[in-house]
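Colleague: Let's go through this model together. I will ask about helix packing and charged pairs.

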Amino acid sequence: MAKATKNKTTRGRKQDRARVAGGQKYEVGYEAKKTGRSASAVKKAVKKVGNGRKKVEKRLAR
């Protein structure tokens, strides 16, 4: 019997994009490059306002 392939869905992807994982180096680096701020500034913003991407970007825009 042939092995069935697992369906690849986009379930949860939108929710994942709405967050910044402060512990993930690549996500912090992406956000730092996008906003023109340092990685440590991104981490501090995540710690201060939470991991919502809009809130973090708003905080970094100051």
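**Helix faces and salt bridges**

Modeller: Go ahead; keep in mind that this is a predicted model.

Colleague: Which residues of helix α3 are buried?

Modeller: Helix α3 spans residues 39-49. An α-helix has 3.6 residues a turn, so residues three or four places apart point the same way. The buried set on α3 is A41, V42, A45 and V46.

Colleague: How wide an arc do they cover around the axis?

Modeller: They lie on the same side of α3 because their arc around the axis is only 140 degrees.

Colleague: Which exposed residues sit on the face turned away from the buried side of α3?

Modeller: Take the buried side first: A41, V42, A45 and V46. The face turned away from that side carries exposed residues, namely K44, K47 and K48.

Colleague: Which helices are included in what covers the buried residues of α3?

Modeller: The cover includes residues 25-35 and residues 53-60. Those two stretches are helices α2 and α4.

Colleague: Which residue just after α3 takes a positive phi?

Modeller: Helix α3 covers residues 39-49. Just after α3 comes a phi of about 100 degrees, and the residue is G50.

Colleague: Is E31 buried or exposed?

Modeller: E31 is part of helix α2. Leaving aside residues up to four places away in sequence, E31 touches V20, V42, R53, E57 and L60. The cut-off for buried is under 20% relative accessible area. E31 has 0%, so E31 is buried.

Colleague: How far apart are the closest N and O atoms of E31 and R53?

Modeller: Both E31 and R53 are buried. They form a salt bridge, with the closest N and O atoms 2.5 Å apart.

Colleague: How many residues apart in sequence are the parts that E57 and K34 tie together?

Modeller: The side chains of E57 and K34 meet in a salt bridge at 2.7 Å, N to O. E57 lies in α4 and K34 in α2, so the parts tied together are 23 residues apart in sequence.

Colleague: What relative accessibility does K34 have?

Modeller: E57 counts as partly exposed, at 23%. K34 also counts as partly exposed, and its relative accessibility is 45%.

Colleague: Which residues do salt bridges with shared partners join into one network?

Modeller: The network joins E27, E31 and R53.

Methods:
Residues numbered from 1 in each chain as written. Predicted model: local features only at pLDDT ≥ 70, side-chain atom pairs only at ≥ 80, totals over all residues. Heavy atoms only, no water. Buried < 20%, exposed > 50% of the residue type's maximum accessible area, 1.4 Å probe, protein only. Helix = DSSP H or I, 4+ residues; strand = E, 2+ residues; numbered from the N terminus. Arc of directions from axis to C-beta. Contact = heavy atoms within 4.5 Å. Salt bridge = Lys/Arg side-chain N within 4 Å of Asp/Glu carboxyl O.
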